[in-house]
Amino acid sequence: MGNQGDGRPDLLVGVDFGMTCTGVSYVNLSIGSEAVKWIQKWPGRSQANENKVPTIIVYPNGQFRPSSWGYLSETTAEQYAEDKDYKDWFKTFLDPVRLEQKQAEDPIYSPRTIEEVERWYEDYLKLLYKHIEHKLSSELAGQQWHNAKIEFIFSVPTTWPPAVVERYRSTVENAGFAQCRNHCLIIGLTEAEAAAVYTALEAPGIFKVSQLGIGIA
């Protein structure tokens, strides 16, 4: 099928990069479906359905190539090995103000530079992108992954200023998202807006009640 002629994308992919876990939802318009689905199979957890994967990446000491990510990083060998550097809870440090606060509070264990944080982001997102391609390319109707029209939509924290949002955009692009000719990257909703959209889709009755309550004294 495909949507090359009508201007619509073949695939919408939403990425929620979280402090502890990251989720990927998608809508496969190439088969005429508008159902929102989630990637639920992840490396290291193939026997269970999980809507999210841990936002963790591990490096061998002194090396720049990660040894594991996500659920693969939750093994004893990765978590407790003396020759491994375990990175988690690093999301907020892309904001220089938050990074400086952390460095002042904990100068030994905080990231040294914003470039180091960007590298963790980029390496994690590269592995995430490869997994997204692996899981979703076979679901496209009549299109190859690199030729299909795909929109990647990322949410951002409400507190991030424009400069941090642009740093995030650059890091996401460097990780491989929207590098193909027909792929595009949208840094769109704040996380608060994304939560409202999710509620509207999954529990419309609750969302309508909330709307009715706006402005009521």
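**Salt bridges and a nonpolar core**

At 24% relative accessibility, Arg-167 counts as partly exposed. That class lies between buried (under 20% relative accessible area) and exposed (over 50%), using a 1.4 Å probe and protein chains only. The model is predicted, so residues are numbered from 1 along each chain as its sequence is written, local features need pLDDT of at least 70, side-chain atom pairs count only at pLDDT 80 or more, and totals for chains, interfaces and linings use all residues. Side-chain values use heavy atoms, without hydrogens or water.

What does Arg-167 pair with in a salt bridge? Its partner is Glu-118, and the closest N and O atoms are 3.3 Å apart. Glu-118 sits in helix α3 (residues 114-136), while Arg-167 sits in helix α4 (residues 162-174). The bridge therefore ties together parts that are 49 residues apart in sequence. Glu-118 is partly exposed too, at 22% relative accessibility. A salt bridge here is a side-chain nitrogen of Lys or Arg within 4 Å of a carboxyl oxygen of Asp or Glu. The structure holds nine of them.

Glu-122 pairs with Lys-126, with 3.5 Å between the closest N and O atoms. Both residues lie in α3, four residues apart, which is about one turn of the helix. Glu-122 is partly exposed, with a relative accessible area of 21%. Lys-126 is partly exposed as well, at 32%.

Arg-45 forms a salt bridge with Glu-74, and their closest N and O atoms are 3.4 Å apart. This pair links distant parts of the chain, 29 residues apart. Arg-45 belongs to the loop between β3 (37-38) and β4 (52-54). Glu-74 belongs to the loop between β6 (68-69) and α1 (76-79). Arg-45 has a relative accessible area of 29%, so this residue is partly exposed. Glu-74 is also partly exposed, at 35%.

Now step back to the whole chain. How many helices and strands does the chain have? There are six helices and nine strands. These are DSSP runs, numbered from the N terminus: H or I over at least four residues for helices, E over at least two for strands. The chain has 217 residues, and buried residues make up 39% of them.

Then go inside. The largest nonpolar core has 44 residues. Such a core is a set of buried Ala, Val, Leu, Ile, Met, Phe, Trp, Tyr and Cys residues joined through side-chain atoms within 4.5 Å. Val-13, Ile-132, Phe-154, Tyr-168 and Phe-177 have the most contacts inside this core. Two or more residues come from each of β1 (11-17), β2 (21-28), β5 (56-60), α3, β8 (150-156), α4 and β9 (183-190). Helix α3 gives the most, with 10 residues.

Which residues is Tyr-168 in contact with, leaving aside its neighbours within four places in sequence? They are Phe-17, Leu-94, Tyr-121, Phe-154, Ser-155, Val-156, Trp-160 and Ile-187. Contact means heavy atoms within 4.5 Å.
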